[in-house]
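Thanks for coming. I will take a few minutes on one structure, so please have it open.

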Amino acid sequence: MRADFLNTRVDPKAAHGKKALKIEPDSPQRFFNRELSWLAFNWRVLEEAENPRQPLLERVRFLSISASNLDEFYMVRVAGLRGLVRQGVKARSIDGRTPAEQLREIEADARALMAKQQELWSLLRKLLAKEGVEILRADKLTDADRAYLDKHFLNQVFPVLTPLAIDPAHPFPFIPNKGFALALQLKSTSGGDGLEALIPIPSQVDRYIALPVEGPIPVEIGPSGAPIERPPLRYCALETLIDLYLDRLFPGYTVSSKALFRILRDSDIEIEEEAEDLVAMFESALKRRRRGEVIRLKIAAGAPKKLARRLIRQLEVEDDEVIEVEGLIGVSDVSQIIDDRSRPDLCWPPYNPRMPERVRDFAGDVFDAIREKDMLLHHPYESFETVVRFLQQAAQDPDVVAIRQTLYRTSKESPIVAALCEAAEAGKSVTALVELKARFDEAANIRLAKILERAGVQVIYGFVELKTHAKMSTVVRKERGELVTYSHFGTGNYHPITAKIYTDLSLFTCDEALARDGTRLFNYIGSYSEPIEMERLAYSPVTLKRTIIEHLEREIENAKAGKPAEVWAKMNSLIEPEVIDALYRASQAGVQIDLVIRGICGLRPGVKDLSENIRVKSVVGRFLEHSRIACFANGAALPSRKAKVYISSADWMDRNLNRRVETLCPITNETVHAQILEQVMAANLLDEAQSWVLQPDGKFVRATPPDPDAAFNVHDFFMRKPSLSGRGERGAEDAPRLIPSYLQEDAPATAAE
């Protein structure tokens, strides 16, 4: 089966007229800029807010995600570039741009993106109003609304508001990262001096206040022709509420001018390599982050010039860091109006992940299920509860003697952390690697590390200079007088919440070689002692990149020998220059390469004599594509049993391959091998409903199937629980397109069991 991106293919002439783009193999032009590629991804997210095929409140969610993504991009990536410019750094990125040149292009694209967000929010507000979902202006509030808001203000808002005069006795207050505030110029009603003031808007209070409703309204016609009643959703913005009560906050004054504004601060953390106490260092660094310098000021358009200049001066921002907003400030907050319980008609249908049949067959005993044979879970279609149960069962099993676990990100009330604590309190040997350098989760991870330590868990923090991003867990159990190790290798975090919306893979195995390798890697993290040898597992920063490049070189040799030579790979980002150059060499040798890259892609596909055999697509839809997979043909046309198949915690980026501890886990079990290669990868390559195809000029073009209503949708396909063996379940009609005939007779009942 040849992977095909259907109607929309890479066209070398797409952006260059009749003449195909020509790039020399050693030219910086062979790379796309990392930052601009990320912005292109966020444009694709925003496009889903415009997509009428998405439910209306889900379009609001995409809009919110695009705004939240952009905030983080500025807080980390743009802040870093601004720092380089201020230091006078003129070194060029791999694509040949200086920091100043990158900033200019980023700013132009990001401002266009923000303008599009405002345009879409204006459209979505109109569409929402037709469906009975409204954010009301002050003049649209009824007397009943005012009575409700009066009570809400006094009880829920007023106690946390701190109006502040700005004068020599009241210096300009600290505004936290992503903080809102209302700046005011006030006039005395008694003829006295005027006043400048500020009202920081508390983040502890919801920005959108739900108003009580009097009754349902008909918003759609049911199958019988009768109207279906749905409750209206009515909201008042917090800034609107505060505006209503300014006379109570500043009695004796009237407002002569005002301006709502919001700031972003530099949120990157520098690691001190010689830190004696890593926890104390991070606690100190988090305080510094909170007070990082302002790198963006958004202010309402039309703000009085004097007031705006005062804010710019006090916040110490440059003019090019100021954005006047015509519309809504803080677009990311619109996610608060999404109510899938009250208005399921405007949201995706609810989806409940399946419990794997194998686990059900063994009455929920995860160890028995793994002992039978290797088991693959495909999240979120298969429940992450199995991973949680694996550790809970280990904690309660008297035959389990030891548990080792990596934790990069997890939920606030994590059942995994609770299970590790229970195991330690029961006297088992429990070791947890807690990564303090997980960006924006540093404070949460410090808290959970202290919880684990109090329970008796041996907590380690890995390397000062490397992040430990590997996703693995080992459980050592005493069985018939011998120790047996059960291992879990994953592509995503041990996070039960994100596991409901991220697509990831979990491999459970009793493979002895992988168990030994997992133990060696844990020992490496704990002792800094590099393993002398690994039997199967590749790991960064030592062998992972080398393993990928060696496989690409083998495909080149196969192509030159006239054998089938192909690569299928899936990841979040591809930017590491040595790997990209190896992919270019493979393309030039005739290797056929199909890549599914959700986000950043520095590789330029479809360029004659450079990458004409490489195709790149991105899937953006209901679930966030997060799994990392690499498949190498190994002398036989894909898909085949001969292929080398891996799952990984690592994207193909410089940071993952050179500055992190990551894993690349080979798949040797035949059933799991088929599930990944011929089901998960093949379905992603076949998707056309949610796919964008990267062109040689860096633009992503949405796939254009002949019949959009019948377009293959990878997320819908796996949610339908297809019977890939064709045994009567819905979705069986798709089986021949996904699984070759030699597997159809004994294929597993679902895509991940």
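This is a predicted model: local features need pLDDT of at least 70, side-chain atom pairs count only at pLDDT 80 or more; totals for chains, interfaces and linings use all residues.

Residues are numbered from 1 along each chain as its sequence is written, and side-chain values use heavy atoms, with hydrogens and water left out.

Start with helix α2, residues 56-86, and helix α3, residues 99-130: their axes come within 11 Å and cross at roughly 160 degrees. Axes here are lines fitted to C-alpha atoms, over the stretch in contact for helices, with angles from 0 to 180 degrees between N-to-C directions. Angles over 145 degrees count as roughly antiparallel, and α2 and α3 are therefore roughly antiparallel to each other.

Next, salt bridges, meaning a side-chain nitrogen of Lys or Arg within 4 Å of a carboxyl oxygen of Asp or Glu. The count by this rule is 49.

Which residue forms a salt bridge with lysine 570? The partner is glutamate 625, with the closest N and O atoms 2.8 Å apart. Lysine 570 lies in strand β21 and glutamate 625 in strand β24, so the pair ties together parts that are 55 residues apart in sequence. Helices (H or I, at least four residues) and strands (E, at least two) are DSSP runs, numbered from the N terminus. Both lysine 570 and glutamate 625 are buried, that is, under 20% relative accessible area with a 1.4 Å probe, protein chains only.

Finally, salt bridges that share partners join Arg82, Arg86, Glu107, Arg111, Glu293, Asp320 and Glu321 into one network.

Terms used. Angles under 35 degrees count as roughly parallel, over 145 as roughly antiparallel, 65 to 115 as roughly perpendicular and the rest as oblique. Buried means under 20% relative accessible area, exposed over 50%, partly exposed in between (1.4 Å probe, protein chains only).
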